[in-house]
Amino acid sequence: MPIINSQIKPFKAQAFHNGKFVDVTEADLQGKWSVVFFYPADFTFVCPTELGDLADTYAEFQKLGVEIYSVSTDTHFTHKAWHDTSDTIRKIQYPMIADPTHLISRNFDVLIEDAGIADRGTFVINPEGQIKVVEITDGGIGRDALELLRKVKAAQYIAAHPGEVCPAKWQEGEATLAPSLDLIGKI
């Protein structure tokens with residue numbers, strides 16, 4: 001089954017968020033735009049650069065009504081320990097979900113089974129719980145929060161403007177396209 005436009009699957013997990021352990025379920029992702037951001041492991045190399053980049057742009061996502069959820073197969077205790085010992089991770093204000101059972105990683109099809117860790121998977125989910133954007137990269141390739149922010153803005157734009165599409169490198173406020181027979185062969 002294609003993952004784009006599919007409904008997120010049920011899950012329940014513990015997360016470290018704002019100095020507390022909290023429960024997070026798929027219901028928490030309903031009713032607002034969400035980004036679910038999988039990464040291989042705490043206390044590693046590329047991962048803190050990505051999570052720090054998201055922390056630095058978190059206010060911009062919040063202005064758009066978007067919640068970010070980072071997910072790794074580490075425990076919520078490990079997330080807290082990493083938060084307490086790393087200046088980069090200490091900046092994080094979004095929930096850090098623990099997936100030691102691998103259920104969430106399997107639900108999003110990013111689990112590297114033989115390693116027990118997740119691929120670098122990014123998912124943008126609309127308020128109805130449908131996956132609208134998917135990006136999965138090799139473990140050595142870090143992602144860019146500003147590019148993710150651009151994709152979220154594009155997803156929100158086309159959701160609010162049926163019949164329009166956002167061309168390559170589209171930025172908020174730029175022209176969009178309205179697909180029609182008149183455009184075929186003219187772009």
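Predicted model: local features only at pLDDT ≥ 70, side-chain atom pairs only at ≥ 80, totals over all residues.
How many disulfides does the count come to in this structure? Taking a disulfide as a pair of cysteine sulfur atoms within 2.5 Å, the count comes to zero.

Residues are numbered from 1 along each chain as its sequence is written, and side-chain values use heavy atoms, with hydrogens and water left out.

Let us turn to the sheet. Seven strands form an open sheet with mixed pairing, in the order S2-S1-S5-S4-S3-S8-S9. Strands S2 (20-25) and S9 (131-137) stand at its edges with a single partner strand each, so one side of each has no neighbour in the sheet. On average, neighbouring strands are turned by 25° against each other, direction ignored. Strands are DSSP runs of E with at least two residues, helices are runs of H or I with at least four, and both are numbered from the N terminus. Two strands pair if DSSP finds at least two bridges between them. S1 (residues 12-17) and S2 run antiparallel and are joined by six bridges, with histidine 17 opposite lysine 20 in S2.

Helix H1 packs on this sheet, touching S3 (33-38), S4 (66-72), S5 (96-98) and S8 (120-125), and its direction makes about 165° with that of S4. Such angles run from 0 to 180 degrees between N-to-C directions, with axes fitted to C-alpha atoms, for helices over the stretch in contact. H1 covers residues 46-63 and bends by about 55° at threonine 57, the bend being the angle between axes fitted to the seven residues ending there and the seven starting there. Among its buried residues are Cys47, Leu51, Leu54 and Phe61. After H1 comes glycine 65, with a positive phi near 75°. Helix H2 (residues 76-85) lies across S1, S2, S4 and S5, at about 15° to S1.

Finally, visit arginine 150 in helix H5 (residues 145-160). Arginine 150 is buried, with a relative accessible area of 16%. Leaving aside neighbours within four places in sequence, arginine 150 is in contact (heavy atoms within 4.5 Å) with Lys169, Trp170 and Gln171.

Notes:
Expected span 1.5 Å × (residues − 1). Buried < 20%, exposed > 50% of the residue type's maximum accessible area, 1.4 Å probe, protein only.
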